[in-house]
Amino acid sequence: MSNAVSDTVPSRIKPVLGHDNKWWWDQAAAGQLVIQRCTSCQQLRHPPRPMCNHCQSMDWDYIQASGKGIICSYTVLHHPKFPGYDYPLVIILVDLEEGTRFTSQLIDCDPDAVDFGMAVEMVMQKDADGFQLPVFKLASN
Amino acid sequence: MLSLKNQAAVAGIGCTEFSKNSGRSELSLASEAVVAAAADAGLPVSEIDGLVSYTLDPTDEIELARSVGAGDLTFYSKINYGGGAAVGVVHQAVMAVATGQAKNVVVYRGMNGRSGQRNGQGVSGEIVTSDLVHWSWYQVYGMVTPGSWIAMIAHKYMHKYGLTAEDLGRVAISQRNYALTNPRAFGYQKPLDMETYLASKMIASPLRLYDFCQESDGACALLITSTERARDLKQKPAVIRGITQASTQGQEQMTSFYRNELESLPEMELAAKRVYAQSGLSPADIDATCLYDAFSSEVIMQLESFGFCGKGEAKDFVRDGNLDIDGRLPNNTHGGLLSEAYIHGLNNVAEGVRLIRGTSTNQPKKAEHVLVSSGVGVPTGAVIFGKD
């Protein structure tokens, strides 16, 4: 039997966690949006992978992202509706100012008002079951 | 280097009925299609010595072989990446035939895509593999279906080039018009007009209901043998002039979102370059196509990948009616995945063969060379068929 929260409130699909991505989700759980960095050639990469595809180094660390970015593309999902998500669901590709791209959700925005090139900023969202993940809202300025 | 040009041909095709509820096993469907392909070629089933299918196909080669009574097998394999395998399986067969690994290879795909495992419902899994870690970056945000992944790319393309909803509708309607006269097709005698298209419900913006392919039960199979041997069989051979697989840098399954440019399909451009080089043909030599069409937007983007028009010009190409029967490039003359059935692209390859034979229900005036592509947004491939 799983915990009481997930029995009563449908929750989102959780990521499978392996060597190559668990560290990233640990950072999200700690409230941080981070970007993997090759410590050999300093190239940033996302989604995380064990090896740098520029210099083949397996040495890496990560930097904290500012959370600021621009909407590169987006889609508004209406069907099918999966338990644990609110529809219409606005999914965005964000060009982070550090240079990597990130797939996420835009919250607190009328789906009809979303547009390419809009400035967004990261908010760490905590679900009812305690799971944390970075989402975005329109930039305040 | 051994060239694959003209080495092998499709000598037989077989399809079951396509439906929304077959009421039987995938093994049953696949067996019927394979036997039909052999019969179409006029070759005894016992002469089949090679079998190839998709990794997503539930029927293993030896299950199929026992079921139909194939001969001893000296070649069998499966190709990954969903509909990207539609050309890949043929590619395997051509290589096997050209190098003498097998004489008569049958490729097949049998699925209960509506009544059983529905691809449109997305992915899930529990074992940690690099593939599942990949999907999890999207699942966690609710991006679970093929429509959601393709919509992201389609939207970016539309934004850059000014493609409209009506343009997507033109693709869907053109293919439905072909399906109207194809008794195998879901869209048989079911017309679609622009008003209905535009009024259909938005699924994953900018993609509406009619931008999505069918979900189907059914099977297709093709028998590939040497061109020389094919000449002695029952049907006119559909000779393979060029064939390749293609996956490019930054390739993900469906979510290649991290490339600098999202408004093109680099893997299709690679496939194009290779099939044209192998065959010695150019876009001007291609009379008709079966461009993979799990979504209408994929047809639009491939018109540019394969050089039928310039970048950003596909909307004009479509607006001019070029995909229709009397247009420059009749496309998916059976109705395609959008309006015939979704047998993971193998039914599009079968239509490519019919076009070369001259037996399509919508046979264009000229079909000397026909280009067929496999899955979009995944590791994929393309093939050019020609008349013997």
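**Close-up views of a two-chain predicted model**

**View 1. Helix H9 of chain B and its surroundings.** Helix H9 of chain B covers residues 266-279, which makes 14 residues, and it reaches 20 Å from its first C-alpha to its last, close to the 20 Å expected at 1.5 Å a residue. That expected span is 1.5 Å times one less than the number of residues. Helices here are DSSP runs of H or I with at least four residues, strands are runs of E with at least two, and both are numbered from the N terminus. This is a predicted model, in which local features need pLDDT of at least 70, side-chain atom pairs count only at pLDDT 80 or more, and totals for chains, interfaces and linings use all residues. Residues are numbered from 1 along each chain as its sequence is written, while chains are lettered from A and ligands numbered from 1 in the order in which they are written.

Which residues of H9(B) are buried? They are Glu267(B), Met268(B), Leu270(B), Ala271(B), Ala272(B), Val275(B), Tyr276(B) and Ser279(B). A residue counts as buried if 20 or more other C-beta atoms lie within 10 Å of its own, as exposed if 12 or fewer do, and as partly exposed in between, with C-beta atoms placed from the backbone. The buried residues of H9(B) pack against strand S8 (238-246), helix H10 (296-305), strand S10 (369-373) and strand S11 (380-387) of chain B. Just after the helix, Gly280(B) takes a positive phi of about 70°.

**View 2. The largest nonpolar core.** This core has 156 residues, and those with the most contacts inside it are Val90(B), Val106(B), Val107(B), Leu222(B) and Ile224(B). Helix H3 of chain B (residues 85-98) gives the most to this core, with nine residues. A nonpolar core is a set of buried Ala, Val, Leu, Ile, Met, Phe, Trp, Tyr and Cys residues joined through C-beta atoms within 7 Å. Zoom in on Val107(B): leaving aside its neighbours within four places in sequence, this residue is in contact with Val52(B), Ser53(B), Val89(B), Val90(B), Ala93(B), Ala221(B), Leu222(B) and Ile224(B). Two residues are in contact if their C-beta atoms, placed from the backbone, lie within 7 Å.

**View 3. Where chain B touches chain A.** The contact takes 28 residues from chain B and 29 residues from chain A. On the chain B side, helix H4 (130-139), helix H5 (146-161) and strand S5 (202-204) each supply at least two residues. H4(B) provides the largest share of that side, seven residues. By class, the side of chain B that touches chain A has 17 nonpolar, nine polar and two charged residues. In this count Ala, Val, Leu, Ile, Met, Phe, Trp, Tyr, Cys and Pro are nonpolar, Asp, Glu, Lys and Arg are charged, and the others, Gly among them, are polar. The model scores ipTM 0.90 and pTM 0.93.

**View 4. Two positive phi values in loops of chain B.** Gln189(B), a residue other than glycine, has a positive phi near 60° and sits in the loop between helix H6 (165-179) and helix H7 (194-199) of chain B. Met254(B) is not a glycine either, yet its phi is positive at about 75°; its place is in the loop between S8 and H9 of chain B. Is each one buried or exposed? Gln189(B) is exposed, with 10 other C-beta atoms within 10 Å, whereas Met254(B) is buried, with 25.

**View 5. Cis peptide bonds in chain A.** The bond from His46(A) to Pro47(A) is cis, with omega near -5°, and Pro47(A) is found in the loop between strand S2 (44-45) and strand S3 (60-64) of chain A. A cis peptide bond also joins His79(A) and Pro80(A), with omega about -15°. Pro80(A) is found in the loop between strand S4 (68-77) and strand S5 (89-96) of chain A.

View 6. Chain B comes to 13 helices and 11 strands, and 62% of its 388 residues count as buried. The mean pLDDT of chain B, the predictor's confidence in each residue on a scale from 0 to 100, is 95, and 98% of its residues reach 70 or more. Chain A has two helices and eight strands, and 26% of its 141 residues count as buried.
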